[in-house]
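Keep the model in view as you read.

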Amino acid sequence: QVQLVESGGGLVQPGGSLRLSCAASGTIFTLYAMGWYRQAPGKQRELVATITGYGSTNYADSVKGRFTISRDNAKNTVYLQMNSLKPEDTAVYYCNAERTLLHYMNYWGKGTLVTVSS
């Protein structure tokens with residue numbers, strides 16, 4: 001029912017910036033909290049940031065002050081602005097949608113690769 005498509009990944013140098021986008025279709029967008037997760041090579045998937053339908057945000061300590069999550073409900077899109085990137089930020093970044101109240105209803109995008117290297 002809900003399809004998520006990430007874009008914006010690529011190769012960037014340490015200290016650089018990148019903005020990821022996730023476009024959602026097939027749902028009433030404001031009913032879903034949105035999140036960004038990442039999985040580095042050889043590691044488990046971890047939460048990066050979340051945002052509710054009305055704009056309340058949370059961040060992992062490792063990205064706080066460097067990353068900003070936002071959403072445009074009119075465009076059914078969530079963003080992740082990444083600044084001051086570090087090599088340890090290298091990972092596949094995944095978009096997630098979770099239904100308000102009915103948390104078992106959740107969906108994942110296919111992911112977009114971010115590589116931070118000189």
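This is a predicted model: local features need pLDDT of at least 70, side-chain atom pairs count only at pLDDT 80 or more; totals for chains, interfaces and linings use all residues.

β4 and β9 run antiparallel, joined over eight bridges.

Glu98 has another partner. In β10, its bridge partner is Asn106. β9 and β10 pair over three bridges, again in the antiparallel sense. β11 also pairs with β9. Here too there are three bridges, and the sense is antiparallel. Tyr93 stands opposite Thr112 of β11 in this pairing.

Now follow β9 into its turn. β9 and β10 form a hairpin with six residues between the strands. Leu101 sits in that turn and takes a positive phi of about 75°. Is Leu101 buried or exposed? Its relative accessibility is 76%, so Leu101 counts as exposed. With Leu102 and Tyr104, Leu101 forms a nonpolar patch. Together the three residues have about 390 Å² of accessible area.

Turn next to the cysteines. A disulfide is a covalent bond between the sulfur atoms of two cysteines. The count in this model is one disulfide. Cys22 and Cys95 form it, with their sulfur atoms 2.1 Å apart. The link is left-handed, at -85° about the S-S bond. It joins distant parts of the chain: Cys22 lies in β3 (residues 18-25), Cys95 lies in β9 (residues 91-99), and 73 residues separate them. Both cysteines, Cys22 and Cys95, are buried.

What of the interior? The largest nonpolar core has 29 residues. Met34, Trp36, Leu80, Met82 and Tyr93 have the most contacts inside it. β3, β4, β5, β7, β8, β9 and β11 each supply at least two residues.

One of the contributing strands, β7, shows its two sides clearly. In a regular strand the side chains alternate between the two faces of the sheet. In β7 (residues 67-72), Phe67, Ile69 and Arg71 make up the covered face. Thr68, Ser70 and Asp72 make up the uncovered one.

The neighbour of β7 is β8 (residues 77-82). The two run antiparallel, joined by six bridges. Thr68, on the uncovered face of β7, has Gln81 of β8 as its bridge partner. β7 and β8 also form a hairpin, with four residues between the strands. In this hairpin Asn76 takes a positive phi near 55°.

How values were computed:
Residues are numbered from 1 along each chain as its sequence is written. Side-chain values use heavy atoms; hydrogens and water are left out. A disulfide is a pair of cysteine sulfur atoms within 2.5 Å. Buried means under 20% relative accessible area, exposed over 50%, partly exposed in between (1.4 Å probe, protein chains only). Two strands pair if DSSP finds at least two bridges between them. A nonpolar core is a set of buried Ala, Val, Leu, Ile, Met, Phe, Trp, Tyr and Cys residues joined through side-chain atoms within 4.5 Å. Patches are made of residues with over 30% relative accessible area and no salt bridge: like charges are joined within 9 Å, nonpolar side chains (Val, Leu, Ile, Met, Phe, Trp, Tyr) within 5 Å. Accessible areas come from the Shrake-Rupley method with a 1.4 Å probe; for residues, only the protein chains shown count as cover. A salt bridge is a side-chain nitrogen of Lys or Arg within 4 Å of a carboxyl oxygen of Asp or Glu.
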